[in-house]
Amino acid sequence: MLFSIKIALASLHAHRMRTILAMLGVLLGALALTGVQHISRAMLLKAEQETAKLGSNLFMARTGQLAFRPGRSGRVRLEANTFTLQDARALAQGLPAVRRAAPFVSVTMPVRAGNVKINCQLVATLPDYRVVRNAEPRLGRFIVEADEHRKAKICVLGSKIAQRLFERPESAVNQKVYFDRTGLRVVGIMEAKGADIAGADQDEQVFVPLSTYLRRMANQDWITGVYLQLGAEADPASAKRTATAIVRQRHHIAAGEDDDFSVLTARDTMEVQEQALNLVGTLGLISSSVSFAVGGLGILSIMILLVRSRRLEIGVRRAVGARRRDIVRQFLIEAALMAGIGGLLGVLSALGLVAIICRIGQMPMVFEPWLVIMALSGSALLGLMAGAYPAWQAAQVEILDVLKSE
């Protein structure tokens with residue numbers, strides 16, 4: 001066996017250009033299979049982590065129709081400002097699985113500190129938002145019950161907003177920021193969390209007490225929606241159906257009419273990304289299969305040429321005692337080595353690219369040993385299949401025919 005491998009390596013080295021061209025298809029197939037599948041799994045893991053950032057067992061009801069589309073963020077179309085605090089309380093009381101509720105208003109507004117003025121997402125909410133959305137302050141504190149009762153003119157800044165307004169976030173606490181003519185005192189800076197799975201940058205948000213916004217800043221009665229934290233034993237699908245029925249009844253929506261609100265769970269937001277990533281994985285399998293097929297045909301054609309060009313070598317080996325099965329084994333080893341080396345180079349290239357992409361895209365690095373084993377085993381098996389016919393041809397070479405022709 002070792003002698004046959006040495007002969008195979010020498011033969012591949014002697015026909016380097018042919019070998020490289022034959023391995024190219026297998027290399028690309030292993031690259032596509034390993035790379036695309038690893039990246040799609042890294043993106044799924046990233047999506048799961050981002051879902052966790054939304055909060056534990058998060059459930060949301062909000063005004064307007066919320067539709068997620070492929071891309072960075074979801075799209076929200078507000079049909080009517082009909083969602084109220086009473087709706088939020090009805091959901092908190094009508095769903096037995098609810099542990100905490102955090103009504104909220106979310107609007108885009110300019111905020112100013114000194115001569116710096118930027119746009120931010122203003123989130124007016126209650127103290128329970130901190131627990132429901134898993135949002136903790138890094139400096140200072142979050143909104144408390146006393147702030148809500150007093151309609152206190154205070155706010156908590158997201159980490160990026162604090163950086164952009166004050167350069168040094170540590171200096172922002174106890175400073176004043178202004179929304180139009182309303183001045184709010186900064187009491188805390190949130191820890192960095194990045195964008196959630198819906199595409200909203202949580203570090204570009206400013207938090208204020210809900211009563212402060214409704215009565216002192218906007219003088220309105222409607223809210224954007226409510227975040228609900230469900231118990232671990234809750235069935236999200238059942239809770240979603242119950243919540244939909246409660247709000248439809250409160251909004252007097254007749255059967256057959258469209259909802260003027262959206263109800264969704266954190267899992268709903270992830271399912272859209274999973275569908276897209278599964279499609280990417282399927283396309284990766286198709287492209288890798290095509291590349292493997294091309295690589296197999298390349299190895300088949302190269303091995304046929306090698307058999308024709310090495311008839312004298314085959315005849316000499318037969319003359320000195322080599323059996324037909326020895327010739328078959330020799331050419332099968334060469335085909336398997338050709339495909340195996342191509343597969344190994346493809347896998348190594350894929351893992352290198354995956355590491356680079358995960359680092360640039362700030363995704364967790366994923367390594368699936370079974371994918372690597374499958375790519376390498378598939379490459380070697382492809383080589384054996386592609387080399388079977390040329391090996392059979394080589395075994396049919398007759399010593400007398402070679403001596404006559406040579």
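Let's start with a pair of side chains: Arg-130 and Glu-136 form a salt bridge, with 2.9 Å between the closest N and O atoms. Salt bridge here means a side-chain nitrogen of Lys or Arg within 4 Å of a carboxyl oxygen of Asp or Glu. Arg-130 is partly exposed at 30% relative accessible area, and Glu-136 is partly exposed at 30% as well. For these labels, buried is under 20% relative accessible area, exposed is over 50%, and partly exposed is in between (1.4 Å probe, protein chains only).

A word on what you're looking at. This is a predicted model, in which local features need pLDDT of at least 70 and side-chain atom pairs count only at pLDDT 80 or more, while totals for chains, interfaces and linings use all residues. Residues are numbered from 1 along each chain as its sequence is written, and side-chain values use heavy atoms, with hydrogens and water left out.

Now step back to the whole chain. The protein chain has 13 helices and 12 strands, where helices (H or I, at least four residues) and strands (E, at least two) are DSSP runs numbered from the N terminus. Of its 406 residues, 48% count as buried. Take the contacts (heavy atoms within 4.5 Å) between residues at least 6 apart in sequence: 77% of them join residues at least 24 apart.

Back to the charges. Side chains of opposite charge can pair when their charged atoms come close. Searching the whole structure turns up eight salt bridges. One of them joins Arg-250 and Asp-87, whose closest N and O atoms are 2.5 Å apart. This pair links distant parts of the chain, since Arg-250 belongs to helix 8 (residues 236–250) and Asp-87 to helix 3 (residues 85–94), 163 residues apart. Are its two ends buried or exposed? Arg-250 is partly exposed at 36% relative accessibility, whereas Asp-87 is buried, with a relative accessible area of 3%.

Another salt bridge brings together the side chains of Asp-221 and Arg-215, at 3.2 Å from N to O. Asp-221 counts as exposed at 58% relative accessibility, and Arg-215 as partly exposed at 37%. There's also a network of salt bridges, linking Arg-141, Asp-147 and Arg-150.

Next, the interior. A nonpolar core is a set of buried Ala, Val, Leu, Ile, Met, Phe, Trp, Tyr and Cys residues joined through side-chain atoms within 4.5 Å. The largest one has 50 residues, and the members touching the most others are Leu-91, Leu-122, Leu-157, Val-177, Phe-179 and Tyr-213. Strand 4 (residues 98–113) gives the most to this core, seven residues. Apart from it lies another core of 27 residues, among them Ile-314, Phe-331, Ala-335 and Val-347.

You'll find Leu-122 in strand 5 (residues 116–125), buried at a relative accessible area of 1%. Setting aside neighbours within four places in sequence, Leu-122 is in contact with Val-105, Ser-106, Val-107, Met-109, Phe-179, Val-206, Val-208, Tyr-213 and Met-217. Phe-179 sits 57 residues from Leu-122 along the chain, and their C-alpha atoms are separated by 9.6 Å.

On a 1 Å grid over the protein atoms alone, a cavity is a set of points where a 1.4 Å probe fits but cannot get out, and lining residues have an atom within 4 Å of a point. Grid points are joined across faces, edges and corners, and a volume is the space filled by probe spheres set on the points. How many cavities of 30 Å³ or more come out of this rule? The count is one, and the volume of the largest cavity is about 70 Å³. Its lining consists of Tyr-129, Arg-133, Ala-135, Glu-136, Met-190, Glu-191, Lys-193, Gln-202, Asp-203, Gln-205 and Phe-207. Those lining residues divide into four nonpolar, two polar and five charged (Ala, Val, Leu, Ile, Met, Phe, Trp, Tyr, Cys and Pro count as nonpolar, Asp, Glu, Lys and Arg as charged, and the others, Gly among them, as polar).

Finally, a look at the backbone. Most residues other than glycine have a negative phi. Lys-151, though not a glycine, has a positive phi of about 55 degrees. Lys-151 is in the loop between helix 5 (145–150) and strand 7 (154–157), and is partly exposed at 30% relative accessibility. His-252 also has a positive phi, near 55 degrees. His-252 lies in the loop between helix 8 and strand 12 (261–265) and is exposed, at 70% relative accessibility.

How values were computed:
On a 1 Å grid over the protein atoms alone, a cavity is a set of points where a 1.4 Å probe fits but cannot get out, and a pocket is an open set with protein on both sides within 12 Å along at least five of seven lines; lining residues have an atom within 4 Å of a point.
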